[in-house]
Amino acid sequence: MEGRMRSVVLTKGVPDFSEGAVSFNEEGHLERGKTPTVMNPNDEVALEAALQTKVRHGGHVSGMSMGPPGYASVLEEAMESVYADDSYLLSDRELAASDTWATAITLCSALEKYQETVAEIDLIFAGFKTADGETGQTGPQTAWALERPIVTHVLALDIDPDERVLRAKRLVEGDVDEIETVEAPLPCMVIADPEFSPTYRKASHRLTHKRLRGETEERAADHEAHLTTWNHEDLNLDPDYIGLDGSPTIVSSVDPIPKAPSEREATMIEPDDGEGMERVLEELQPYAGGD
Amino acid sequence: MAASESDQAGQEYEHYEAVVVGCGPGGAAAAARFADHGVETLVLERGTEAGSKNVSGGLIYAEDSAPYTIDDLFENFREEASERPVTDYKIHNIAGNKVKTYDLTDLHEHDTDWCDAVLRRPMDSWLEQRVHEKTSETGGGVLTDVRVNGLLRENGEIVGVTCDELDPITADVIVAADGVNSELARDARLMDWDEPDEWFQGVKATVEMDGETIADRFEIDDEEGVAHLFSGDLFDDVRGGGFLYTNEDSLSIGTVFHLDSLVAEQAEPHQLLDSLLTHPLLAQWFRGEYREREYAAKLVPDSKKVAHKEPYRDRLVLVGDAAGQMQAQGPIIKGMNHAVSAGALAADAFVVSRGNSDPESAGRRYAKMLERSGTMDKLRPRRYDVARTVGERDIVANAVDRVLESPIGSVAVGNPLSKRAMKRAYNSPFLVSMLPDTSTGYVTLPSIIGEEHGRTIHWENEVEPPTLEERIGDLTYDTDVGNPHIRLQDESFEASGDAVYACPVSAEDFGGGCYRSETVKTNGSEETLVSLDTQPCVECGTCAIVADTEWEHPRGGKGVEYREG
Ligand SMILES: Cc1cc2nc3c(=O)[nH]c(=O)nc-3n(C[C@H](O)[C@H](O)[C@H](O)COP(=O)(O)OP(=O)(O)OC[C@H]3O[C@@H](n4cnc5c(N)ncnc54)[C@H](O)[C@@H]3O)c2cc1C
Ligand code: SF4
């Protein structure tokens, strides 16, 4: 079909920081082994943007992630939430402990291999910062390595498949936040803003969305069959330039910020009980000075 | 996939051959029939799932004489979507603690192929699935969480619909199957919402009871079910009656009253339901145990007065409650079955008149089909119009009541001969449909029968139904904060005070309901004002008729969500 878009979504697993799931050791350091991995929450937005593109224009979405074999579950989650067609996991020992630069080099090689062996890519989607690293660099570095234009902080997007351009509204933060409308030629990379929200105002789009949901349920139930794993040899990467050895930056230590112990006792006052305000005043009186 | 159609301004609209608004029985039947004919059909439903907005008693009838029944259109409907068949049908005439019960099975079985109790959430969501499968095959499908908010017109002619959630859509035919308080029927000026005497209000509790207990207490087996009706003085002077139907593992118990009578008596709907729930007669089934799963309410049109004889305009056709096609045949309520017939006929009418350049040809043919299939005569019996002129006038009614209440009248109804005659009369579809809508039929006659022939019930009913506050608390809402769907136009008590009583989730002196009244003093004079909070609203439609409001349904997916219905 004319206008079909081939998209790859870069996603990453992060420790599940939610209450009850996350585990810290005595020094307050994160215990990765004991904390379950989930999809980076900001990546969900990237995935929504990819899904919107697929719903509106048809085509194919691949999920791609770099990480230990356990990350397959993150890709499975990605498939379920955005109806991705297949998944690519870049995984082996040599890739461990990569910083953003080494990660970008690896992703770039993988995307090039994808172009050579799978299909030409029109759009690459990535999330805005990861929940654990918070650098926000991997996306731009990957685009740079690929020599692709990049549009960041995207709030809404539309694609003109005939003209092969992408039109986006992006958030420009400053003293006053502004919304800027930009155009970029395809192929390009899109970093969705956490405020991105997909819109489906055509009945046919919603029907497609519903159909894809049904199809994906079946596919995700058999995720293994749709998963391709590539190691550094598959990607033709020299171990010296990837993983820990290839990382120019190292996180030497992470200092936890201790929470101030609470010294005071709290008094709870029910606000909608009619006498609440009166009691607040009474309680505050001694601190108010004056009379 | 949908082609597009553009207006003169060059704006492109999405286009479907048929758009069906609402996925209740009427919309489901229309869509299924369209799909059978290969018509590309889009169904738009405002609930988060079909059934989440709907309430009925409910017994769905398959009439021998109907042009279509639900199992004609949906295979395995009875096995997969309904509860128990009705195998025993009774009416209880109540006067205080005295009850006279008649077996109404003859009336119930008249023209009945089969009849099953249903719960609307499970039934309609099942229908939605089937409809989506069928319509997907012809290039359409069902979309939920979408509320149609009006008609799209071009040069004054209806050509499509507008929605809260979607861009406007054009269609060759638009089926408004959006139920009672149809915003589309009103937009097309085919229905107004002015007269309380054109509507009933139904209120219902779904009550927990496991299958074994039902079998035991109603003395039935797995494949059987009962229907009980209640009339007489247990509802004071409010015209209407009560019902109890058995589901697989619950009971549906409710009341249906004339809205004008509710308003005139300033009755509280939830209290009338409680009068039924706590009547000694029901103690035999509850045995002191009562757990309410859901409290629900909805208006019901009275087809005798509002069934539209020409329910179409341009490319728009109305089916089911939207067209007022809800027949109250005495105590028997038939709305779902007629919605099914009408929906299927509307689809057929479109298909046979396709290609005709006159946009109203489908509508005209549909009206003709309603007439020829006998459906219209059931909805608006010609003889009723005659009976109404003599029977319903207050003077005549009062005179009849006085005679009946006099010793002579009571003796007449009470003598042993008329005992059999009474039962026969109740079982006559002809006589029942003639019962004029006065308190004679609903209150006086049943109470006299109860009084004269009744057996005194000595059971103690210890059941304590939940309070209104608890009932509201148990319902599920997705509130559209800051965007109320009803706005009060006139807050004086004269204009809108009736809603304080008639709203099923409001009550005098209850601060947690939708409508409240409050006396304010201004410059020495006192005034009673009405205020509205739509949060607890169950979208029954009552205040659209009895108060001065600007009334709409909430946006798609918002508002109350029924789980039983
Ligand atoms: C208490 C009670 C007891 C009853 N008992 C019986 C009984 O025993 N037997 C019987 O046959 N009938 C009974 N009825 C009547 C019966 O419920 C109705 O006649 C029947 O549901 C009508 O079907 P319908 O398809 O026309 O409308 P509905 O079933 O009301 O369906 C309308 C659909 O349209 C959707 N909708 C509404 N507006 C919009 C919009 N703007 N955009 C998108 N979607 C929209 C609604 O969510 C709903 O799903 C009873 C009713 C009540 C209240
Ligand atoms: S506010 Fe109106 S529509 Fe809502 S429950 Fe009350 S009477 Fe019904």
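Start by selecting chain B and showing its surface: the accessible surface comes to about 21,800 Å², of which 43% belongs to carbon and sulfur atoms. Accessible areas come from the Shrake-Rupley method with a 1.4 Å probe, and for residues only the protein chains shown count as cover. Keep in mind that this is a predicted model, where local features need pLDDT of at least 70, side-chain atom pairs count only at pLDDT 80 or more, and totals for chains, interfaces and linings use all residues. Residues are numbered from 1 along each chain as its sequence is written, chains are lettered from A and ligands numbered from 1 in the order in which they are written, and side-chain values use heavy atoms, with hydrogens and water left out.

**Chain B as a whole**

Switch to a cartoon view. Chain B has 24 helices and 27 strands; helices (H or I, at least four residues) and strands (E, at least two) are DSSP runs, numbered from the N terminus. Of its 565 residues, 62% count as buried, where buried means under 20% relative accessible area, exposed over 50%, and partly exposed in between (1.4 Å probe, protein chains only). Take the contacts (heavy atoms within 4.5 Å) in chain B between residues at least 6 apart in sequence: 75% of them join residues at least 24 apart.

**Rings in chain B**

Now select the aromatic side chains. Rings of Phe, Tyr and Trp (its six-membered ring) pair if their centres lie within 6.5 Å; planes under 30 degrees apart count as stacked, over 60 as edge-to-face and the rest as tilted. By this rule there are 11 aromatic pairs over all chains. Zoom in on Trp193(B) and Trp551(B): their ring centres are 5.8 Å apart and their planes at 85°, so the pair is edge-to-face. Trp193(B) sits in the loop between helix H6 (183-187) and strand E12 (199-208) of chain B and Trp551(B) in strand E26 (residues 549-551) of chain B, so this pair ties together parts that are 358 residues apart in sequence. Both Trp193(B) and Trp551(B) are buried.

Next, pick Phe218(B) and Trp285(B), a stacked pair with 5.2 Å centre to centre and 15° between the planes. Phe218(B) belongs to helix H7 (residues 211-218) of chain B and Trp285(B) to helix H10 (residues 283-286) of chain B, 67 residues apart. Here too, both Phe218(B) and Trp285(B) are buried.

For a cluster, select Phe74(B), Phe77(B), Trp114(B) and Trp126(B), which are linked by ring pairs. A charge sits over a ring if NZ of Lys or CZ of Arg is within 6 Å of the ring centre and within 35 degrees of the ring normal. Arg130(B) lies over the face of Trp126(B), at 5.0 Å from the ring centre, and Arg186(B) lies over the face of Trp193(B), at 4.0 Å from the ring centre.

**Backbone stops in chain B**

Show the backbone at Gly57(B) and Gly58(B), joined by a cis peptide bond with omega about 0°. Gly58(B) is in the loop between strand E3 (41-44) and strand E4 (59-63) of chain B.

Asn181(B) is not a glycine, yet has a positive phi of about 55°; Asn181(B) is buried, with a relative accessible area of 3%. Asp509(B), also a residue other than glycine, has a positive phi near 65°. Asp509(B) is exposed, with a relative accessible area of 78%.

**On to chain A**

Select chain A, with six helices and 11 strands. Buried residues make up 45% of its 291 residues.

Colour helix H3 (residues 100-117) of chain A. The expected span of a helix is 1.5 Å times one less than its number of residues; the 18 residues of H3(A) should span 26 Å, and the end C-alpha atoms are 25 Å apart, which agrees. Its buried residues include Ala104(A), Leu107(A), Cys108(A) and Tyr114(A). Among the elements covering the buried residues of H3(A) are strand E1 (5-10), strand E5 (86-90) and helix H4 (138-146) of chain A.

Stay on Cys108(A). Cys108(A) is in no disulfide; the nearest cysteine sulfur, that of Cys188(A), is 15 Å away.

Finish at the peptide bond from Leu186(A) to Pro187(A), which is cis, with omega near -5°.

Definitions and conventions:
A disulfide is a pair of cysteine sulfur atoms within 2.5 Å.
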